[in-house]
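Please read this briefing alongside the sequence and the 3D view. The notes that follow are grouped by topic.

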Amino acid sequence: MRITITRPDDWHLHVRDGSVLPHVLAHTVRRFARAIIMPNLTPPIVHVADASAYRDRIRAALPAGAEFEPLMTLYLTDATSPNEIERAAEAPFVHAVKLYPAGATTNSAEGVTRLAHVYNVLEKMQRLGLPLLIHGEVTSRDVDVFDREKVFIDETLSKLVNEFPALRIVFEHISTREAADFVREAREGVAATITCHHLLYSRSAMFAGGLRPHYYCLPVLKREAHRQALIAAATSGNPRFFLGTDSAPHAREAKQSACGCAGVFTAHAGIELYAEVFEAAAALDRLQPFSSEFGADFYRLARNRDTLTLERKSWRVPESYPFGDSAVQPLRAGEQIQWQLVARNT
Ligand code: DOR
Ligand code: ZN
């Protein structure tokens, strides 16, 4: 069986920087036409000038002949100025601003410590129509790691959505039933990305027969009931939910460590893994809108015109892929994936 869909976009992606950049990008550009590039480098991408230089490095690292557009974002800090937001809104290559609560995840130390510090910036974004992308977890050590998304909704997000009634918001990589419900019922202008790993696995995968660091990401995988709620949201045909892989590569030794990094690498099968989910839910006809339409519409960009063909034929994922001087272990390493890429047609 084959399916042909409009070429998809990845609305949440980490490509890192430096020597790993060409290795990581090669996987994405084979599948996706565009991707929202996360700004959590060290140091983070906080100014439009940083985003411009990073975009140049990404474009220079693309395989010859690749047709791929990096959609840049800024990293919000307590010190971001409304003037920088004005520059961002004017820059054609900046598409959003990312809010990491300080300490919530990888390279978030310079994130926002108190929302009150960025109210003037959010006000400006609301006025200029620049979307805010949110890593929606509280950071308090008192809150159980499995509850951090839900508590963030209750303590922060509900208020934010009301206080900035016209701010366009993407609740990134939602992982709970509560988040799916919140987005479905929220006012206009609130959307969410959903990763393939949160659709494919529940938290038990992290402990299957032993501790499996390659399933560790943030927000952490949740119970099966949450996964089912995410599948229902992704396959519902509701335009508020769209594809964002959050493919987040780390060198194998950084994952397989006494204190392993959060992040799952899925760019090597960034659309194929979603095809598995949609097929299992008998919703393959909804894969195209989720992957190739709703995100573009939210970001007010044209939908792609070229297509991608996938075939239902299993293949074995390599144990690792090159990653600068090291290697990255992809999701399903050494195991089968049920769909494969056949062709891209223009
Ligand atoms: O698992 C994750 N990895 N979650 C994030 O929010 C950040 C990402 C990364 O950059 O590695
Ligand atoms: Zn991410």
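**Ligand 1 and its surroundings**

A polar backbone atom of Gly263 lies 3.2 Å from an oxygen atom of ligand 1, a polar contact being a pair of N or O atoms within 3.5 Å. Taken alone, ligand 1 exposes 290 Å², of which the protein buries 99%, with areas from the Shrake-Rupley method and a 1.4 Å probe. This is a predicted model, in which local features need pLDDT of at least 70 and side-chain atom pairs count only at pLDDT 80 or more, while totals for chains, interfaces and linings use all residues. Residues are numbered from 1 along each chain as its sequence is written, ligands are numbered from 1 in the order in which they are written, and side-chain values use heavy atoms, leaving out hydrogens and water.

**Contacts of ligand 1**

- An oxygen atom of ligand 1 is 2.8 Å from a polar side-chain atom of Asn40, and a polar side-chain atom of Thr105 lies 3.0 Å from an oxygen atom of ligand 1.
- Ligand 1 is surrounded by 13 residues, the closest of which are Arg16, Asn40, Thr105, Leu218 and His250, where a residue counts if one of its heavy atoms lies within 4 Å.

**Zinc site**

- His12 (NE2), His14 (NE2) and Asp246 (OD) coordinate the zinc ion (ligand 2) at 2.1 Å, donors being N, O and S atoms within 2.8 Å of the metal (3.2 Å for Na, K and Ca).
- The donor residues of the zinc ion (ligand 2) follow the sequence spacing H-x1-H-x231-D.

Key. A polar contact is a pair of N or O atoms within 3.5 Å; within protein, one must be able to donate a hydrogen and the other to accept it, and residues adjacent in sequence count only if both atoms are side-chain atoms.
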